Amino acid sequence: MLEATCHCGAVKIRVSVEPAWLNECNCSICRRLGTLWSYYHPSKVTFVKGAGTTVAYLWGDRGLEFHHCPTCGCTTHWEPVRKEGAERMAVNARLMDPERIAGIRVRHFDGAESWKYLD
């Protein structure tokens, strides 16, 4: 089990399993946020604290909501705008204990141009 906590502790997310890999994307929003995404089925993500309190930001095709803590501003997760039938959401692994994710492979995604993994 892994926990992701924002800086002030107002939002705490728990996931039941380690991700198979982490995603570093260079698209215009992810590179500015400095996120490292871990992907899960929404049923595998539990908000221990702060459920429903995060602030959503929508951009581009408005298909994803990027959420952040309203107190400290840390980006916590993204989820699809359409919740029904959603198969995937992401938790910002930079909010997890670095020692717990140190050995997990980081894949680099070219979200800026080709929409392909670079490795």
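How many bridges join strand S4 (residues 37-40) to S9, and do the two strands run parallel or antiparallel? Four bridges join S4 to S9, and the two run antiparallel. The views below come from a predicted model, in which local features need pLDDT of at least 70 and side-chain atom pairs count only at pLDDT 80 or more, whereas totals for chains, interfaces and linings use all residues. Residues are numbered from 1 along each chain as its sequence is written, and side-chain values use heavy atoms, with hydrogens and water left out.

View A. Strands are DSSP runs of E with at least two residues, helices are runs of H or I with at least four, and both are numbered from the N terminus; two strands pair if DSSP finds at least two bridges between them. Along S9 (residues 89-92), Met89 and Val91 point one way and Ala90 and Asn92 the other way, yet all are buried, a term that means under 20% relative accessible area, with exposed meaning over 50% and partly exposed in between (1.4 Å probe, protein chains only).

View B. A pocket is an open set of points on a 1 Å grid over the protein atoms alone, where a 1.4 Å probe fits and protein lies on both sides within 12 Å along at least five of seven lines, and lining residues have an atom within 4 Å of a point. The largest pocket holds about 400 Å³ of space, a volume being the space filled by probe spheres set on the points, which are joined across faces, edges and corners. Of the 20 residues that line this pocket, Leu64, Phe66, Trp78, Phe109 and Trp115 lie nearest its centre. Strand S3 (22-25), helix H1 (28-33), S4 and strand S7 (64-68) are the elements that give two or more residues to the lining. By class the lining has 13 nonpolar, four polar and three charged residues, where Ala, Val, Leu, Ile, Met, Phe, Trp, Tyr, Cys and Pro count as nonpolar, Asp, Glu, Lys and Arg as charged, and the others, Gly among them, as polar.

**View C. Asn23 in strand S3.** Asn23 lies in S3 and counts as buried because its relative accessibility is 2%. Its side chain is joined to that of Tyr39 by a polar contact of 2.6 Å (a pair of N or O atoms within 3.5 Å; within protein, one must be able to donate a hydrogen and the other to accept it, and residues adjacent in sequence count only if both atoms are side-chain atoms). Leaving aside residues up to four places away in sequence, Asn23 touches several others, among them Trp37, Arg107 and Tyr117, contact meaning heavy atoms within 4.5 Å.

**View D. Strand S10, between S3 and S11 in pairing.** S3 pairs with S10 (residues 106-110) in the parallel sense over four bridges, and Cys25 has Phe109 as its partner. S10 also pairs with S11 (residues 116-117), in the antiparallel sense over two bridges, with Lys116 as the partner of Asp110. Trp115 is found in the loop between S10 and S11, where it has a positive phi of about 55° although it is not a glycine, and Trp115 is exposed, with a relative accessible area of 61%.
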